[in-house]
Amino acid sequence: MADHSNSPEPAAREGDVKQQVDYQKEVRDVRLLNISIKGYDKKTGTGFTKEEYYAFRIIAITAVGEGEVSELEAIHAALDDKRTRYEVWRRYTEFELLKNFLTTVYPYIIIPPLPEKAIKGSSGLLSKLTFTGEDTEFLLRRQQGLEIFLVRLSRHPVLNKSYWFHDFLNNPNWKDVVLQSGFSTKADSLMQTLTLQISKNKTESVLHDMKRFSSDLEETFKSLVEIRTKMIKTLNSIYKVHNNYGRVYSEWAGIENTLATPLQIASGVMDSYSESIENYMDEECLRYFLPLREYIAYCESLRAVVHNHSLLYHTWDKAEQNRVTRSEAKEAVEREGQAGGGAAPSSRFSMKSISSRLKGGDTSHEGRLAKAVQDLHDAEEAVGVARKELEVFTEKARGDYDRFCAQKTADFRSLLLNYVQLQMHVHRKGVTTWEKMKQGFEIM
């Protein structure tokens, strides 16, 4: 069981959700040295339905200090008695809650994606887990994807300091703490506002490069996935042919006397080579296919940042329109004063004047002018606040976008080098196979 004695308690942990909750609270003097997911287990819920679900075992190692951690430092710290080791079980829905939380609290950050929630069958339809052995491969892929998600968060310069992320790694009651903090209401309200305003006002974001990049990246990677799918089908056919060679050589050896030994050798070599397709496909999926799928999912995070920027842009644009309206209203009052020489307002019946009197407002020219000036001042302040929020968001979003591009470049340099090395290994194995075939045929 993890030790929570060194973990600061959030404002909502004692159930007092009325006080202000700091959703961007940071952890000081704590470094994440290593995060891994060591397997999964089937569990049964405590509710009335006793729902079954899979939970994943997270192990996190932390140490006191700040700054980035090198691999050598992590190894030495892992052997140090001063390290802190946390272990906690999380189900997939809790990972979803963490991602939604971070997306809401840090709208300018490109949040790493989660692996697929459901199994996609051969027909392309999604289905839930059946809790049978057939789900093992999918759960292993999910485990790998969830671990990558956590590692991405731990390496982000902002997210790795989030108190709520650290609490996710060590507090078994993290979900209850987040829900009690009022986060769900905040997130739902933000989402409704976002959808309502953006759908009515399709404001074009100034982050054109990020929006265009996400579309181009998604299209390119989907094309690579399609090519990869076709290559796998072709490779399966090729390896199946080698299996047929092995079967034929084995049958041939059964009817020969002097050629039986080399034919049996050839049959064994072909069988061994055809069976190696499984290992190749596992390696290729891990090194090439899963990273591609991850970055296709990243495109949705890119679009989410652009979407959030559009909301702020719309807020600023609306405030600017209100400022113009208030300015025109002030000028109209000033013109009235100049035309009437500052005389008392007309006694003509006016619903506006009646309403003003009922509210106790000053209907004199000086009163109306003072109100118009105050309204314009308030509108200008609102424009300033909205502009500042937009500028800060844009600066932070562009900074995180630059970080993401650097990450993508490093990841794909590694991905392509690994893919080339894998192909070289596979083809060397193919050459070795045919050399063994040649040696067997030479002794005929």
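Q: What volume does the largest cavity have?
A: The model is a predicted one, and the largest cavity in it has a volume of about 30 Å³.

Q: How many cavities of 30 Å³ or more does the structure hold?
A: The structure holds one cavity of that kind.

Q: Which residues line the largest cavity?
A: Its lining consists of R228, M231, I232, L235, Y280, E284 and Y419. Two elements give two or more residues each to this lining, namely α7 (208-253) and α9 (277-340).

Q: Which element gives the largest share of that lining?
A: That is α7, with four residues.

Q: On to the helices. At what angle do the axes of α2 and α3 cross?
A: The axes of α2 (residues 92-105) and α3 (residues 136-155) cross at roughly 30 degrees and come within 12 Å. An angle under 35 degrees counts as roughly parallel, and α2 and α3 are therefore roughly parallel to each other.

Q: Is the crossing of α2 and α3 left-handed or right-handed?
A: The crossing in which α2 passes α3 is left-handed.

Q: Which residues meet there?
A: From α2, the residues are Y92, F95, L98, K99 and L102; they meet R142, L146, F149, L150 and L153 of α3. By class, this contact of α2 with α3 has eight nonpolar, no polar and two charged residues.

Q: What about α2 and α4, at what angle do they pack?
A: Helix α2 packs with α4 (residues 163-170) at about 170 degrees, and their axes are 11 Å apart. Angles over 145 degrees count as roughly antiparallel, so α2 is roughly antiparallel to α4. In this contact, E94, F95, L98 and F101 come from α2, while α4 provides W164, F165 and F168.

Q: Last pair: how far apart are the axes of α8 and α11?
A: The axes of α8 (residues 260-275) and α11 (residues 365-442) are 8 Å apart, and the helices pack at an angle of about 170 degrees. That makes α8 roughly antiparallel to α11.

Q: Which residues make the contact of α8 with α11?
A: Helix α8 contributes P262, A266, V269, M270 and Y273, and α11 contributes K429, G430, T433, W434, K436, M437, G440 and F441. The contact of α8 with α11 divides into eight nonpolar, three polar and two charged residues.

How values were computed
Residues are numbered from 1 along each chain as its sequence is written. This is a predicted model: local features need pLDDT of at least 70, side-chain atom pairs count only at pLDDT 80 or more; totals for chains, interfaces and linings use all residues. Side-chain values use heavy atoms; hydrogens and water are left out. On a 1 Å grid over the protein atoms alone, a cavity is a set of points where a 1.4 Å probe fits but cannot get out, and a pocket is an open set with protein on both sides within 12 Å along at least five of seven lines; lining residues have an atom within 4 Å of a point. Grid points are joined across faces, edges and corners, and a volume is the space filled by probe spheres set on the points. Axes are lines fitted to C-alpha atoms, for helices over the stretch in contact, and angles run from 0 to 180 degrees between N-to-C directions. Angles under 35 degrees count as roughly parallel, over 145 as roughly antiparallel, 65 to 115 as roughly perpendicular and the rest as oblique. A crossing is left-handed if the near helix is turned anticlockwise from the far one by less than a right angle, and right-handed if clockwise. Contact means heavy atoms within 4.5 Å. Ala, Val, Leu, Ile, Met, Phe, Trp, Tyr, Cys and Pro count as nonpolar, Asp, Glu, Lys and Arg as charged, and the others, Gly among them, as polar.
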